[in-house]
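Let's take a friendly walk through a protein fold. Have the sequence and the 3D view side by side, and follow along one stop after another.

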Amino acid sequence: MSSLNKSKLLKKNIIDVADGPRIVVFGGGTGLSTLLRGLKHFTSNLTAIVTVADNGGSSGMLREDLHILPPGDIRNCILALADTEPLMNELMNYRFESQHGRLAGQCFGNLFIAAMAGVSDNFHDAIRKMSKVLAVKGQVLPVTLQDIQISAILNDRTTIHGESAIGNRIATAENDIYKIMMEPSDATPLDEAINEIDNAEIIVLGPGSLYTSIIPHLLFPQIREAINRSNSKRVYISNIMTQPAETLNYDLSKHLDAMTRHCMTDNPRDYIDYCIVNNQKLNKITEDEYKKTNSCQVKYSKEETEKTGIKIVEAPLITINEKGAVRHDHDLLAEIVMQIWLET
């Protein structure tokens, strides 16, 4: 791609981030917050739209006990966009241990959001107030304020209820996920989310879990329609590794097929203009560790994908964190998104 030098100037703030492009990013989990950490160096006109179907872990407990939307992914995105001292970041991510009794497993940042929700008009207002406290660049929006749950229908027509159960199931080639359903099926997205999509210059889907972080957004007809009619550049960021519970042995084409099936179209080009893929081979030690969990790198065919009209953008995107987990290089990933924006 061209415009690399100009993109680097943007990162060095020679062009003010306040003048950066309006970017809307969809997702959940660690993938979304990873991307946001890179993008905030280029623009403050960022909107993260976050799925709220999580029903597991400490978020699920707070959701059940306090009747609030799950705060975990929201917290991660706020911290990714925040201008905070390391101590504050550590505090917000602090998780109470077993000796803390009924608080065991709870994350302080989730409790902070829950408390803010208690003194706010609604969950969206609580997120807005927390973002102000932490000097967030951009904004974080829940995709909806309604209490939604998702279920998966498998190829054998078995149904699995709940995001946590979907993400932790034992998958085989025979019981692949056929369809994700939302309950209530007529839930509506946040009006502000639709407005941001309509005003976006770039729309980014992913990275993130296909069936529990990306596709849940596409179950809202209003969101599908807004992405479809958008004149912005629409980007899908492919995961680096497959996820055994959701995408066992999936290549890029199967990821795209799943998204287009849920968008009720036959052509992924109706919703995606560019696809960013990793072209770096994993080191053997890490590859062998992932094989133990039936996970492998997501393969792709540039030629076959570009037959659909989607432009493939390849880059060596792998980083390995301190726990040995494969992650996207957030700086390089963000720079590629900016290059796409600059490309005419």
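Our first stop is Thr 242, which is found in the loop between strand β8 (233-237) and helix α12 (244-247). Helices (H or I, at least four residues) and strands (E, at least two) are DSSP runs, numbered from the N terminus. Is Thr 242 buried or exposed? Thr 242 is buried, because its relative accessible area is 3%, and buried means under 20% relative accessible area, exposed over 50%, and partly exposed in between (1.4 Å probe, protein chains only). Setting aside residues up to four places away in sequence, Thr 242 touches Thr 247, Asn 249, Tyr 250, Asn 294, Ser 295, Cys 296 and Val 298. Contact here means heavy atoms within 4.5 Å.

Before going on, a word about what you are looking at. This is a predicted model, in which local features need pLDDT of at least 70 and side-chain atom pairs count only at pLDDT 80 or more, while totals for chains, interfaces and linings use all residues. Residues are numbered from 1 along each chain as its sequence is written, and side-chain values use heavy atoms, with hydrogens and water left out. The predictor's confidence in each residue, from 0 to 100, is called pLDDT. Its mean for the protein is 92, and 95% of the residues reach 70 or more. Over residues 1-7, however, pLDDT stays under 50.

Now look for the sheet. It is open, has seven strands in the order β3-β2-β1-β7-β8-β9-β10, and its pairing is parallel. The edge strands, β3 (139-142) and β10 (311-315), each pair on one side only. On average, neighbouring strands of this sheet are turned by 20° against each other, direction ignored. Two strands pair if DSSP finds at least two bridges between them. For β1 (residues 23-27) and β2 (residues 46-50), which run parallel, there are five bridges. Phe 26 stands opposite Ile 49 in β2.

Which helix lies across β1, β2 and β7 (202-205)? That is α10 (residues 210-218), running at about 120° to β1. Such angles run from 0 to 180 degrees between N-to-C directions, with axes fitted as lines to C-alpha atoms, for helices over the stretch in contact. Helix α2 (residues 29-39) is mostly covered, with eight of its 11 residues buried; among them are Leu 32, Leu 35 and Leu 36.

Another loop, between β6 (177-183) and α9 (191-199), holds Ala 187. Ala 187 is buried, because its relative accessible area is 3%. Beyond its neighbours within four places in sequence, Ala 187 is in contact with Gln 146, Ile 148, Met 182 and Phe 220.

Next comes the nonpolar core, a set of buried Ala, Val, Leu, Ile, Met, Phe, Trp, Tyr and Cys residues joined through side-chain atoms within 4.5 Å. The largest one has 102 residues, of which Ile 197 and Ile 276 touch the most other members. Contacts of Ile 276 beyond four places in sequence include Val 235, Val 313 and Leu 333.

Finally, how many disulfides are there? A disulfide is a pair of cysteine sulfur atoms within 2.5 Å, and the count comes to zero. The closest cysteine sulfur to that of Cys 275 is in Cys 263, 14 Å away, so it is too far for a bond.
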